[in-house]
Amino acid sequence: MKMLHKIKVNVILIITINIVLWGSATGQTNTWTGATNLNWNTNTNWSLNLVPLAAHDVVINTNAAITLSANGVAGTLTIANNSIVSYAPSGGAVTLTLNAAGTTLDIQAGSALTINGRNAPGNNRMSLHFATGAGKTGT
């Protein structure tokens, strides 16, 4: 009987941990702070102290010239608060992929987004990719 009780407690504990971990990775807003530098791939540049994951709703509400040193990902991307944002690669070719179905890129009134390739030797290309079912809006 004690063994059965112990198994039930362990199963409940495992389920609870999975729910907590799943909830922390999905549907969260991760806002750009630029606290450390201008690199998308730096954890401390984000409000969650974590480079955005595919499920994060990314918000940039301040002017920023952001570079990507490796491919980036987000569930959604919102440019807000009359912000002027530009993206450029830092090194080789990189892609920012937006993964959420439905509206994934929202450039709000008064805001702008520019995607730049670098004029430098080598393969310096910046791409914005919309996953299947993803879209964009502007207001």
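## Working through a predicted fold

The protein exposes about 7,800 Å², and carbon and sulfur atoms supply 59% of that area. Keep in mind that this is a predicted model.

**Exercise 1. Get the overall layout: how many helices and strands does the protein have, and in what pattern do they follow the sequence?**

Start with the tally: one helix and 11 strands. Next, walk along the sequence, and you'll read α-β-β-β-β-β-β-β-β-β-β-β. Then check burial: of the 139 residues, 32% are buried. Last, look at the contacts between residues at least 6 apart in sequence; 57% of these join residues at least 24 apart.

**Exercise 2. Find the largest nonpolar core and work out which elements give two or more residues to it.**

Step one is the head count: this core has 20 residues. Step two, pick out the residues with the most contacts inside it, namely Trp 40, Ile 60, Ile 66, Leu 68, Leu 77 and Tyr 87. Two or more residues come from each of strand 2 (57-60), strand 3 (64-68), strand 5 (76-79), strand 6 (84-89) and strand 7 (94-98). As background, nonpolar side chains tend to be buried together in soluble globular proteins.

Now zoom in on Ile 60. Leaving out residues up to four places away in sequence, Ile 60 touches Trp 32, Ile 66, Leu 77, Thr 78, Ile 79, Ala 80, Ser 83, Val 85 and Tyr 87.

**Exercise 3. Put together the open sheet of three strands: what is the strand order, and which strands are the edges?**

Take one pairing at a time. Strand 4 (residues 72-74) pairs with strand 7 in the parallel sense, over three bridges. On this side, Val 73 stands opposite Thr 97 in strand 7. Strand 7 also runs parallel to strand 10 (residues 126-130), and five bridges join these two. Here Thr 95 has Ser 127 in strand 10 as its bridge partner, while Leu 98 stands opposite Phe 130.

Strand 4 and strand 10 are the edges, since each pairs on one side only. Neighbouring strands of the sheet are turned by 15 degrees against each other on average, direction ignored.

**Exercise 4. Why is strand 7 described as largely enclosed by the rest of the structure?**

Go residue by residue and count the buried ones. Four of the five residues in strand 7 are buried, so the rest of the structure largely encloses this strand.

**Exercise 5. Look at Asn 49 and Asn 82: where do they sit, and are they buried or exposed?**

First, the backbone. Most residues other than glycine have a negative phi. Asn 49 has a positive phi, near 50 degrees, and Asn 82 has a positive one near 55 degrees.

Second, the location. Asn 49 is in the loop between strand 1 (29-31) and strand 2. Asn 82 is in the loop between strand 5 and strand 6.

Third, the accessibility, where exposed means over 50% relative accessible area. Asn 49 comes in at 51%, so Asn 49 counts as exposed. Asn 82 has 52%, so Asn 82 is exposed.

Conventions: Residues numbered from 1 in each chain as written. Predicted model: local features only at pLDDT ≥ 70, side-chain atom pairs only at ≥ 80, totals over all residues. Heavy atoms only, no water. Core = buried A, V, L, I, M, F, W, Y, C linked by side-chain atoms within 4.5 Å. Buried < 20%, exposed > 50% of the residue type's maximum accessible area, 1.4 Å probe, protein only. Contact = heavy atoms within 4.5 Å. Pairing = 2+ DSSP bridges. Axes fitted to C-alpha atoms, helices over the stretch in contact; angles between N-to-C directions. Areas by Shrake-Rupley, 256 points an atom, 1.4 Å probe, with all protein chains shown as cover.
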